[in-house]
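Here's a quick briefing on salt bridges and nonpolar packing. Have a look at the model first, then read on.

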Amino acid sequence: MEQRVSISISDGIADVRLVRADKMNALDAAMFEALVAATERLAHEKGVRVVVLSGEGRAFCAGLDMGRFQAMKESGGNGIAGGEKRDLTARTHGIANFPQQAVWGWRQLPVPVIAAIQGVAFGGGFQLALGADMRFLTPDARMSIMEIKWGLVPDMAGTPILASLVRDDVLRELTYTGRIFSAQEAMSYGLATRICDDPRAAAFEVAREIAGKSPDAIRAAKRMLNKLSVDPAPALLAESVEQQKLLGSANQTEAVRANMEKRAPRFADVG
C-alpha cells in the first residue's frame with residue numbers, strides 16, 4: 001500500500017497521501033487496492049477523529065492510468081477500472097463493487113474526510129474527491145467528469161454523491177460533455193467547499209478544529225448527515241450495469257482508439 005498511499009496519524013488526524021507523483025497520482029490497479037486498503041484500515045483505527053486526503057506533486061489525481069486505456073485500445077477488453085476483468089455488477093463491499101469502494105469507502109468512514117486538491121481531479125480522480133465530506137481547491141485547480149471522453153460513464157460511486165450536490169441540469173451538462181471546469185465554477189456548482197492558496201494547510205486547520213470536538217458527536221453528525229442523501233444502493237448498481245454494457249463495446253473501443261490516435265472518432269449509429 002505504501003507505494004501508492006501513505007498514512008500517518010498524529011493528534012487524531014490521519015494524513016492520507018497519494019504518493020504516485022510521477023504519474024500525477026493516476027489510478028492503476030495498485031492504487032485501487034491501496035485506496036480500499038486505506039479505508040479499511042482507517043475504519044478500525046482507534047483514535048482517528050478526522051482524515052485529510054491529498055495527492056503529492058502537481059495533481060490531486062489525474063484519473064485512470066493511461067496504460068489502462070492503451071490496453072483497452074489494443075485488446076478491447078473489460079475491467080478497465082480495477083486492472084483485470086471483473087463483473088462490475090457483483091457487490092463485493094456491501095452495496096458497492098471493488099472500484100466503487102475506492103471512493104465510497106471514504107463516505108463510509110465514521111469520521112469526516114477533507115480532500116485538499118491541487119492541479120487536476122479528472123474522471124476517477126474527481127470521483128475520489130467526491131468521496132470526501134469537504135473539498136478545498138487551489139484557485140487554479142481543474143475538474144472534469146471525463147469518462148465520456150473514453151466512451152464510458154462515471155462508475156466509481158460518483159453519481160449518488162453528485163446528485164446530492166449539483167443541480168440536475170448542470171450535472172447532466174458536465175456528464176454529457178466531459179468538459180474541464182475551474183475551481184471557481186466548482187464552487188458555484190456546489191462541488192468545492194473552499195478555494196484557498198494552500199488547500200492542504202487549510203484542510204489541516206479545519207481538521208484540528210474538528211479533532212478538538214467531541215468524537216462521539218462528530219461521528220453521530222456524520223451518520224446523521226449521510227442519511228440525508230438519496231438511497232445510494234440503486235445508483236451504485238446502475239453505474240455498474242451501464243458501465244458493464246459499455247466496456248469493450250464497439251463505440252467505447254472506438255472512443256479510446258480515437259483519443260489515443262489523436263483523431264476524430266467514427267462512431268456507429270445506435271437506436
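Buried means under 20% relative accessible area, exposed means over 50%, and partly exposed is anything in between (1.4 Å probe, protein chains only). This is a predicted model, so to speak of local features takes pLDDT of at least 70, and side-chain atom pairs count only at pLDDT 80 or more, while totals for chains, interfaces and linings use all residues. Residues are numbered from 1 along each chain as its sequence is written, and side-chain values use heavy atoms, with hydrogens and water left out.

**Salt bridges**

- The whole structure has 14 salt bridges, each a side-chain nitrogen of Lys or Arg within 4 Å of a carboxyl oxygen of Asp or Glu.
- Arg200 pairs with Asp15 at 2.5 Å, N to O; Arg200 is partly exposed at 25% relative accessible area, whereas Asp15 is buried at 14%.
- Asp28 bridges to Arg4, with the closest N and O atoms 2.7 Å apart; Asp28 is buried at 11%, and Arg4 is buried at 18%.
- Glu242 and Lys245 meet at 3.7 Å, N to O; Glu242 is partly exposed at 40%, and Lys245 is exposed at 55%.
- Shared partners join Arg4, Arg20, Asp28 and Asp65 into one salt-bridge network.

**Nonpolar cores**

- A nonpolar core is a set of buried Ala, Val, Leu, Ile, Met, Phe, Trp, Tyr and Cys residues joined through side-chain atoms within 4.5 Å.
- The largest one has 55 residues, and Val16, Leu35, Leu42, Val51, Trp106 and Leu191 touch the most other members.
- A second, separate core of 16 residues includes Ile13, Ala116, Met134 and Phe136.
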